[in-house]
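Subject: Structure handover

Hello,

Here is the structure you are taking over. Please open it first; my notes on what was found follow below.

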Amino acid sequence: MSYQSVLRPGLFEGQNVIVTGGGSGIGRCTAHELASLGAHVALVGRKPEKLDAVRAEIIEDGGSASAHPCDIRDEEIVAATIKQILAEHGPVKGLVNNAGGQFPSPLAGINQKGWETVVRTNLTGGFLMARELYNQSLSKTGGAIVNIVADMWGGMPGMGHSGAARAGMVNFTQTAAIEWGATGVRVNAVAPGLDCLQRHGHLSRADESLDPRPGRCRAGQTYWHRVGSQRRHLLPAEPGRRLYQWRYAAHRRRGVPGQPGVAIAQGEERGGLQRLPSRRQTQDFQSRLREPFMQILESAIDPQSEAFSENAAAMQQHIETFRDVEKQVLALAESAREKFTKRDKLLPRDRINRLLDRGTAFLELCSLAGYKMYDDKDGSMAGGGIIAGIGTVSGIRCLVVASNCAIKGGTITPAGLDKTLRLQQIAMENKLPVVSLSESGGANLNYATDIFVLGARGFANQARMSAAGIPQVTVVHGNATAGGAYQPGLSDYVIVVRNKAKMFLAGPPLLKAATGEVATDEELGGAEMHAEIAGTAEYLAENDADGIRHAREVLDALAWNEHLPPSQSPEWEEPLYSPDELPGVIPADPKKPYDVREILARIADGSRFQDFKAGYDDQTVCGTIRICGHRVGIIGNNGPITPEGATKAAQFIQLCDQAGTPILFLHNTTGFMVGTHAEQHGIIKHGSKMIQAVANCRVPKLAVVVGGSYGAGNYAMCGRGLDPRFIFAWPNSRTAVMGPAQAGKVMRIVAEEKQRRNGLEPEEKTLDFLEQATAKKLEDGSTALFGTARLWDDGLIDPRDTRTVLAMVLSVCREAEQRELRPNSFGVARL
C-alpha cells in the first residue's frame, strides 16, 4: 500500500511527532500521512507486532518511523517511553492521541471491568501521554497536541463506555487548551467519523452486522476517500487563541476534483467498509449542518521555485517603499518628543497607545493621505495632519482620531479635510463611536480657501452622528481655535486638560484687533473656564494621561455593547497555504497572468472555496469563502471582464444581496473587454448591468486592489467611486483610466490624425515625445502611493496581512448590522 497526502510534500520535514494507537485504524492512517509529509513518526501502543508492521510499511514507502511498545495506562512506563523518544530522536513538536477506541456493546451488557478497561485505555492513557510530553518537552519548546476522539458509528446506541471516554477527552482538551495555550502549546480535539479506507482495520468482518445500515456498500460501486489531514491541528499555538473542536462527517469524505484519493475499484474485496446513517438520521444534525462543504483549493505554486523567490523579492521592494515613507513620518514626529516632554505633554501616538485596551488590535486608516501633496515635499508629513484608525477602548470598538500635533501643529490641509470626511463616513456606516484626541492649529492658512466651504460638511456630519445615536468623545489636549472649536463643541462628551486646552472662536490677538478688548488665554478659552463657567466641557483633567483616563471611563459607562445579541464567536480553520506566501504568488511582471484562486487559497478558512459557475467564463471568478469564520462572497479577476463575466458577476452580486452575504472584490483587471466581438455581444449593456448591481446592492462591499485596476473595471470592481465599506490596496497595485503604454499610443494616434487632417506631415520626434510624456504621466499617476495619497483607498497593506485586515473589517461590518442605535431629532445639545 502506498500512502499519498493531499498536502504539500515536506510540510513536516525534520519534525518528530508521536502517534499513539498507531498500529491500526485512524492512528495508522495518521502515522502514514505525517510520514508522507516528512515527519519522523514515533509509534506508541500496547501491541509490538502491530507497531512493527506499520513501521515497516512507512519505511517501505520511503518514510521515517520508530516503534515504541508502551502500556499508555501506566504512568511510570509512559514517562520512561517519552524520555526514551526524546533521547533517541530529539525534540518532539507534536502528539496525536488516538483516544477514540470503539467497542460496540449494548449498555445493559457492559460490565465494570469492560467499562474500566475502555475508559482507562482511552481517557487515562491519552491524558498521561499529553501530560508527560508537556512536562518533559512541549512546555519549553511549544508544539501541538491533537486528541482524536473518533465517532465512527455516527451516534449508534450501545456505546456507553466509549462515549464516556470521548467526552472525558474533550473536557480534558478544553482545560489543556486554556492552561497550556499561554506557553505556546496548541491543543485540539478532532472527531473524524468513519474513515472509509480499505484495509485499515476500522471494522472487522465480524463487526459488519453491527453497522446500523448493512449492505450499503454494494459491488459495482467505486468509493473515494480523501486522506484526512492533521496539518491544521499541528500548527504552532498562538497565546490566547480559543479552542476549536472540529468534526468531520463520513459523508463529507469524498474525493475533491484535482486532488489525490484512494479508490476502491469495482469488484475488489471491500472488507469492513461501511456507510454511516444519513445526515438527517444523526443526533448531532444541527452541529453538522454548520460544517463547510466547499471545495479545497489546491495550489499549483512551488514556494521553493526560482520564480517564487523572484516574485517575493519584487513584492518586498514595494512593501519596503511604503514602509519607508511611514518610518519617515514617525521619525519626524519623534523628533518633537523632547519639546513635548518639557511641556508635560504626550506625543499623539503615545496618547493613542494609552487610550486603546492593552493587547488589542489597531487598524490604522489612510496613513499616507496627502503624500507629497501641498507642503509635503519629501513625504515625511504624510497623513493629512491626522492619525486615525479602528481600535478597542474599554471593550468598545471605536474610531480613534488624533491630531498629529507633532508635525506642523496638526494643521489641516485639503488632504486632511478629505481624510476627516472619509473617517466620518466610516464611523456612520459602521456605527462606531468616535474618540477624538484634539490639538490642532486648525486649517493650514496656505490652503484656507480650499478648505473653508467644504469644511462645514465635517461639522454637519458630527451633528448627524449625534442625532443618529453615535456617541462622540473629545479630549482637548491643546488649541482648538476658530472653526476648530466647533469640533469639540459638537461632540457629545468634552474633556479638557487644565492649563493646556484652549478653545475660542477668536484668540487674544484677533480679539484685540477686532474689538480692542484685552484678555488672557485662560480668561478667553481656558480649560477651567469651559468646565466651570461656560459649561462647554463635561470633565476637567489634570494632564494628557488623565484626560485619556476620563475618555475611557466615559466609554465604559455607555453600556454600548449590552444591547447587542449574544456574541457567537465563529470557529474557523487556518488556510492550508500560509498567507506569508502571498508575496511570492503575484508575478513580478504585471503582464503575466495568474489565477486569483491562488490568493483565495491563502486567505480562506481551510483554503475552501465554493466556485460559482466555475465553467462559465473563467476570466471573472465568483464564489464564496469564509475568513476567520465570516462568510463572504468573492469577485476576482483572471483577466478582462467579458460580457459573460459581467453577467455572471451581476447575478452573483444579486444572490449575495438576497442572502445578506458581504462581498469582497479583488481587483486585477485591465477593464472591460473591447473589440467587435465584445461590442456585438453587448459589453456595454452587460457591463452597465454589473455596475448597476454593484452600486445598488445593500450588503457591505469590501475591496482590495491586488494588481491592476484600469478603466471602467475599477468601477465594476467597486472602486472608491462605488462606495465600498472599506477598500485597501497592495503596494504593487496600479489604478488608472488605462495602461500608460496604451494612453501614449492613443495620444500619438489622435495627434497624428489631426496633423494629417490639417494637411501637415506628422513629425516623428514630436509624436515620440508626446507618446512618451503621456505614458510617463500615466505611469507616475497610477502607483499605489499616488492613489493612497489621494484617498483612492483606505490604506496600503502588506499582502501577508490581508487575511487579518479583512477579518477585522468583516467583524466591524457584522457588528454594525447587529447594532440598533437610539436616534433623536437634533443630536445632543448643551442646553
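Ala559 sits in the loop that links helix H16 (544–556) to helix H17 (582–585). Its phi is positive, near 55°, although the residue is something other than glycine.

Please keep in mind that this is a predicted model.

Lys431 is another entry of this kind. This residue is not a glycine, and its phi is positive at about 55°. Lys431 belongs to the loop between helix H10 (414–430) and strand S14 (434–440). With a relative accessibility of 22%, Lys431 is classed as partly exposed.

For the overall picture, the protein chain has 831 residues, and 55% of them count as buried. Its secondary structure consists of 26 helices and 25 strands. If we take the contacts between residues at least 6 apart in sequence, 77% of them join residues at least 24 apart.

Next, helix H4. This helix covers residues 112–141, which is 30 residues. From the first C-alpha of H4 to the last is 40 Å, close to the expected 44 Å. Just after H4 comes Gly142, with a positive phi of about 80°.

The last item is a pair of helices. Two packed helices are described by the distance between their axes and the angle between them. For helix H23 (residues 740–757) and helix H24 (residues 764–780), the axes come within 7 Å and cross at roughly 145°. The crossing of H23 past H24 is right-handed.

Which residues meet where H23 and H24 are in contact? On the H23 side they are Pro740, Ala743, Gly744, Lys745, Met747, Arg748, Ala751, Glu752 and Gln755. On the H24 side they are Glu764, Leu767, Asp768, Leu770, Glu771, Thr774, Ala775, Leu778 and Glu779. By type, the residues of this contact comprise eight nonpolar, three polar and seven charged.

Regards

Key. Residues are numbered from 1 along each chain as its sequence is written. This is a predicted model: local features need pLDDT of at least 70, side-chain atom pairs count only at pLDDT 80 or more; totals for chains, interfaces and linings use all residues. Side-chain values use heavy atoms; hydrogens and water are left out. Axes are lines fitted to C-alpha atoms, for helices over the stretch in contact, and angles run from 0 to 180 degrees between N-to-C directions. Helices (H or I, at least four residues) and strands (E, at least two) are DSSP runs, numbered from the N terminus. A crossing is left-handed if the near helix is turned anticlockwise from the far one by less than a right angle, and right-handed if clockwise. Contact means heavy atoms within 4.5 Å. Ala, Val, Leu, Ile, Met, Phe, Trp, Tyr, Cys and Pro count as nonpolar, Asp, Glu, Lys and Arg as charged, and the others, Gly among them, as polar. Buried means under 20% relative accessible area, exposed over 50%, partly exposed in between (1.4 Å probe, protein chains only). The expected span of a helix is 1.5 Å times one less than its number of residues.
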